[in-house]
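Trainee: I am new to this structure. Please take me through its side-chain contacts, one pair at a time.

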Amino acid sequence: MARDTKTFQQYLDTVQRLCGIDVLSTDETEFFTAFFDRNLQFIWQQYDWPFICAVESRTPDGNDVIEWAQPTKTVIGEGLECWRDDPFGNVVARPIPYRLTGDGIQFFSGASYDPTYVWFRTRLALSAGNVAYTFPYDFFQYVCHAGYADWLASNEQTQNSAFQRGVAEQLMLDAIEIWSRQQRQTSLRSSTKTHGTEQSRN
């Protein structure tokens, strides 16, 4: 991952300080691991973060399917769009209708192209409590404050938990706004056809 990262250990150290805990017990570490994995998965899916989304050319198989996991290729976690043309090229990229199945991205018979340009969100591998696990630093403040909010809720501090959840959500929105401004001129979301239906997206 080329983007700057933080480690799961840094997350644990931060939420420990936020909670005012001297030493995390085994049970507390397990709780914060569960909080982390859930909150990281949430923010991972909230925006087309350019450092976890990619456009790659793929070749459909004999059944007009691009499998989620192909040898030597990045694993697709979520298909966002498919085109006949390179969306960063000099022509307007033509979208290809598709549907999602358990096997992968399924094209209609006779309507698959080689290559197909696929825009996708990479699959998230959860931390499993590994202190060396790394994740994008853009998500750090969110997962820390969201984890703190979860801890407060588990201790029946409902009002304080709601406040910290609001802090976490604002941090996430601030990060989205920063990236949205940077991508405004090259956004792939301006007008896309998803599952055969035209949608306008910002």
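Mentor: Keep in mind that this is a predicted model. Start with Phe36. Its relative accessibility is 0%. Buried means under 20%, so Phe36 counts as buried.

Now look at the ring partner of Phe36. That partner is Tyr133, with the two ring centres 6.0 Å apart. The planes stand at 90°. Planes over 60 degrees apart count as edge-to-face, so this pair is edge-to-face. Tyr133 is buried too, with a relative accessible area of 13%.

Phe36 sits in helix α2, residues 26-44. Tyr133 sits in the loop between β7 (116-122) and β8 (134-136). The pair therefore ties together parts that are 97 residues apart in sequence.

Widen the view. Phe36 and Tyr133 belong to one aromatic cluster with Phe8, Tyr11, Phe135 and Phe140. The structure as a whole holds 16 aromatic pairs. Phe140 has a charged neighbour as well: Lys6 lies over the face of its ring, 4.9 Å from the ring centre.

Now turn to charges. Side chains of opposite charge can pair when their charged atoms come close. The whole structure has 7 salt bridges.

Take Asp48 and Arg121, one of these salt bridges. Their closest N and O atoms are 2.9 Å apart. Asp48 is in the loop between α2 and β2 (53-58), while Arg121 is in strand β7. The bridge links distant parts of the chain, 73 residues apart. Both residues are buried.

Compare the setting of Asp85 and Arg94. They also form a salt bridge, with 2.8 Å between the closest N and O atoms. Asp85 has 12% relative accessibility, so it counts as buried. Arg94 has 40%, so Arg94 counts as partly exposed.

Finish with Asp150 and Arg165. Their side chains meet in a salt bridge at 2.4 Å, N to O. Asp150 is in helix α3, residues 140-154. Arg165 is in helix α4, residues 158-183. Asp150 is buried, at a relative accessible area of 9%. Arg165 is partly exposed, at 22%. Arg38 comes in here as well: salt bridges with shared partners join Arg38, Asp150 and Arg165 into one network.

Definitions and conventions: Residues numbered from 1 in each chain as written. Predicted model: local features only at pLDDT ≥ 70, side-chain atom pairs only at ≥ 80, totals over all residues. Heavy atoms only, no water. Phe/Tyr/Trp six-rings, centres within 6.5 Å; stacked < 30°, edge-to-face > 60°. Helix = DSSP H or I, 4+ residues; strand = E, 2+ residues; numbered from the N terminus. Buried < 20%, exposed > 50% of the residue type's maximum accessible area, 1.4 Å probe, protein only. Lys NZ or Arg CZ within 6 Å of the ring centre and 35° of its normal. Salt bridge = Lys/Arg side-chain N within 4 Å of Asp/Glu carboxyl O.
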